[in-house]
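Welcome, and please have the viewer open as you read.

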Amino acid sequence: MTSQESDSLVLSSDPLHPANLIPELCRSFYQLGWVTGTGGGICIRVGDKVYIAPSGVQKERIEPKHIFVLPYPQAPASPHTDRVFLRRPALNLKESACTPLFWNSFDLRNASSCIHTHSQHAVMATLLWTGPVFKISHQMIKGVRIAGTGIALSYLDTLELPIIENTPNEEDLKDSMAEAMIKYPNAPGVLVRRHGVYVWGNDWEKAKTQTECLDYLFEIGVKMKLAGLPTVLNE
């Protein structure tokens with residue numbers, strides 16, 4: 001594929017094209033404090049193509065020309081596997097360090113989008129829930145789907161989100177994240193202690209909505225916990 005042909009994968013006048021959506025969403029997430037300090041990430045899968053934001057850049061300044069495009073499926077992305085790219089930016093950029101974890105959401109949940117935030121609410125939840133799972137019952141869980149891609153939870157349900165331990169390198173979370181997803185098949189995301197959260201969905205809209213609802217639940221859950229209130233109904 002020539003440089004011009006690969007660039008055509010990210011150049012579009014359609015505002016809903018993934019290469020246009022990712023910079024727009026990253027700016028929105030930056031304003032929410034989710035991806036400051038170049039942290040966090042997002043991917044969108046459309047058919048056999050995966051669009052991924054670059055790593056180590058100012059997320060609020062990403063442009064379509066900075067987006068990586070990878071084919072899907074391919075061998076599981078890991079630090080020890082050469083990834084296949086349909087397009088790399090001309091600048092000296094690296095694909096998101098979250099890439100192997102995004103692949104978990106594709107392979108284990110058939111998701112089409114995955115979002116990673118460094119939300120302080122998510123981090124605080126992992127510190128106050130010292131065990132392996134975050135639990136809460138609340139009205140806002142109705143905006144969250146079983147396994148992230150199934151039917152919506154009801155008000156009477158209890159949300160359970162696994163918490164895994166952080167590692168020095170993002171890529172090394174891949175296996176423990178996959179194990180947590182298998183152990184908690186109904187979980188719509190995975191929390192990483194002292195780090196943040198990964199959330200996925202059937203498309204970017206559902207992934208975004210669930211990330212927003214979960215962030216609300218982390219915030220209210222932390223406030224309830226600090227106030228000595230139960231976070232699960234009838235418990």
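**A first look**

Cys98 sits in the loop that joins strand E5 (94-95) to helix H3 (99-109). Helices (H or I, at least four residues) and strands (E, at least two) are DSSP runs, numbered from the N terminus. This is a predicted model, in which local features need pLDDT of at least 70, side-chain atom pairs count only at pLDDT 80 or more, and totals for chains, interfaces and linings use all residues. Residues are numbered from 1 along each chain as its sequence is written, and side-chain values use heavy atoms, leaving out hydrogens and water.

**Annotated sites**

- In UniProt, an unreviewed entry gives Cys98 the annotation "binding site". UniProt positions follow the numbering used here, feature names are shortened, and annotations may be inferred rather than shown by experiment.
- Cys98 is buried, with a relative accessible area of 3%. Buried means under 20% relative accessible area, exposed over 50%, and partly exposed in between (1.4 Å probe, protein chains only).
- Setting aside neighbours within four places in sequence, Cys98 is in contact with His116, Glu170 and Tyr198. Contact here means heavy atoms within 4.5 Å.
- The feature "binding site" is also placed by UniProt (unreviewed entry) at His116, His118 and His195. These three span 80 residues in sequence, yet no two of their C-alpha atoms are more than 10.0 Å apart, so they gather at one spot.
- His116 belongs to strand E6 (residues 113-117) and is buried, with a relative accessible area of 0%.
- Not counting residues up to four places away in sequence, His116 touches several residues, including Cys98, Glu170, His195 and Tyr198.

- H3 is mostly covered, as nine of its 11 residues are buried. Among them are Leu101, Phe102, Trp103 and Phe106.
- The axes of H3 and helix H5 (residues 174-183) come within 9 Å and cross at roughly 25°. Axes are lines fitted to C-alpha atoms, for helices over the stretch in contact, and angles run from 0 to 180 degrees between N-to-C directions.
- H3 and H5 are therefore roughly parallel to each other. Angles under 35 degrees count as roughly parallel, over 145 as roughly antiparallel, 65 to 115 as roughly perpendicular and the rest as oblique.
- On the H3 side, Pro100, Leu101, Asn104, Ser105, Leu108 and Arg109 make the contact, and on the H5 side Lys174, Met177, Ala178 and Met181 do.

**Helix H6 and its partner H4**

- Helix H4 (residues 120-128) and helix H6 (residues 204-226) have axes that come within 8 Å and cross at roughly 45°. H4 and H6 are therefore oblique to each other.
- The residues in this contact are His121, Ala122, Met124, Ala125 and Leu128 from H4, with Asp215, Phe218, Glu219, Val222, Lys225 and Leu226 from H6.
- Ala207 is found in helix H6, and Ala207 is buried, with a relative accessible area of 0%.
- Leaving out neighbours within four places in sequence, Ala207 is in contact with Ser113, Ile115, Val199, Trp200 and Gly201.
- From C-alpha to C-alpha, Ala207 and Gly148 are 7.8 Å apart in space and 59 residues apart in sequence.
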